[in-house]
Amino acid sequence: MATKPKVLITRRWPEAVEAKLKETYDVTLNESDVPMTVDEIRQALNDYDAVCPTVSDKVDAAALAVEAPRAKILASYGVGYSHIDTEAAKKAGLVVTNTPEVLSGCTADLAITLMLMAARRAGEGEREVRAGKWTGWRPTHMIGTKVSGGVFGVLGFGRIGREAAKRAHFGFGMKVIYFDAYPVKPELAAETGAEARDSIEAVLAEADVVSLHMPGGKENYHLISTERLKLMKPTAILVNTARGEVVDGVALAAALEAGTIAGAGLDVFEGEPKIVPELLATEKAVLLPHLGSATLATREAMGWRVMDNLEAFFKGETPKDRVA
């Protein structure tokens, strides 16, 4: 019998996926379920045929500084891959794959959740109730922002951005506007009657809700800055389910406290799980622990997608989801 490829899974995955991996490969699980260090990643590249990282694993140039690694594929669990230095991976002879498509719906659901929570001050309200501070209904209590019928601005009109737009448009009667660095097929924009704008700034100035759906990494680092926040309406809501580094957290907290914008809903943070103290301190931000894809169906689907990529690779084929 041929020897099964050795595969390392860097975090715990859904039980059904782990069971299938054990049947298929000589698999090692990270039983402690904590992020691996750079040294541990580097060692894994020498010890395994495939390493399957997640967004919580920093696979940078230092981790990839391995001469002639045994591993030839980084089959990442997640759609974003800014945690992997793809250029360094290519130099090391590693194929990189991700898991697109399968998490778009659930991440879009969470973007809408954050929109509603921030607009209607739901987190703030629940904290008041749980703390025993609620004194009863009154006409001026915890006034929020109406989003129905407003303008939903999408920055990054890819799969997740379009799914969020569908929910905003068909669920809440919102007009959709967007900016994307790449051309969008007219038929995809037409699904929600979405109107293109020629710049990020144009979307920020017009939208009642701005939802972020662009990749992370150096090219979009602190895309949402003090200057750009000042372009938004004072009644506007900012939602981020993309990558934490896209938003300058300190600048956002300052804008919220100054009343530059009304609220924010964030599922991702620069340097997570650490969060800048200014964001933790403001009542005007809804903060969730990176739950975008966190449903069992989606997390399993992500695992199956990784397995599809591994299967193709070990057959000598090009994996469907190769990104480098």
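Which helix is included in what covers the buried residues of α5? Read on, and keep in mind that this is a predicted model, where local features need pLDDT of at least 70, side-chain atom pairs count only at pLDDT 80 or more, and totals for chains, interfaces and linings use all residues. Residues are numbered from 1 along each chain as its sequence is written, and side-chain values use heavy atoms, leaving out hydrogens and water.

## Helix α5 and its cover

Helices (H or I, at least four residues) and strands (E, at least two) are DSSP runs, numbered from the N terminus. Helix α5 covers residues 122-130, and its buried residues are Gly123, Glu124, Gly125 and Glu128. Buried means under 20% relative accessible area, exposed over 50%, and partly exposed in between, with a 1.4 Å probe and protein chains only. What covers those residues includes α4 (104-119), where contact means heavy atoms within 4.5 Å.

After α5 comes Gly132, with a positive phi near 70°.

## The sheet

Seven strands line up as an open sheet in the order β8-β7-β6-β9-β10-β11-β12, with parallel pairing. Two strands pair if DSSP finds at least two bridges between them. At the edges stand β8 (195-196) and β12 (285-287), each with a single partner strand, so one side of each has no neighbour in the sheet. Further in, β10 (residues 237-240) and β11 pair in the parallel sense over four bridges, and Leu238 stands opposite Ala264 in β11.

Helices lie on this sheet too. α4 lies across β6, β9, β10, β11 and β12, running at about 150° to β10. α10 touches β10, β11 and β12, and its direction makes about 145° with that of β11. For these angles, axes are lines fitted to C-alpha atoms, for helices over the stretch in contact, and angles run from 0 to 180 degrees between N-to-C directions.

## Nonpolar cores

A nonpolar core is a set of buried Ala, Val, Leu, Ile, Met, Phe, Trp, Tyr and Cys residues joined through side-chain atoms within 4.5 Å. The largest one here has 29 residues, and Leu155, Leu212, Leu229, Leu238 and Leu252 touch the most other members. At least two residues each come from β6 (151-155), α8 (200-206), β9 (209-212), α10 (249-258) and β11 (263-266). α10 gives the largest share, five residues. Apart from this core lies another, of 26 residues, including Leu110 and Phe152.

## Aromatic rings

How many aromatic pairs does a search of the whole structure find? It finds four. Rings of Phe, Tyr and Trp (its six-membered ring) pair if their centres lie within 6.5 Å; planes under 30 degrees apart count as stacked, over 60 as edge-to-face and the rest as tilted. Tyr25 and Phe314 make a tilted pair, 5.8 Å centre to centre with 50° between the planes. Tyr25 sits in the loop between α1 (15-24) and β2 (26-29) and Phe314 in helix α12 (residues 296-314), so the pair ties together parts 289 residues apart in sequence. Tyr25 is buried, at 7% relative accessible area, while Phe314 is partly exposed, at 30%.

Phe313 and Phe314 pair edge-to-face, at 5.4 Å centre to centre and 75° between the planes. Tyr25, Phe313 and Phe314 form one aromatic cluster.

A cis peptide bond, with omega about 15°, joins Glu272 and Pro273. Pro273 is in the loop between β11 and α11 (277-281).

Ala68 is not a glycine, yet its phi is positive, about 50°. Ala68 is in the loop between β3 (50-52) and β4 (73-75) and is exposed, at 66% relative accessibility.
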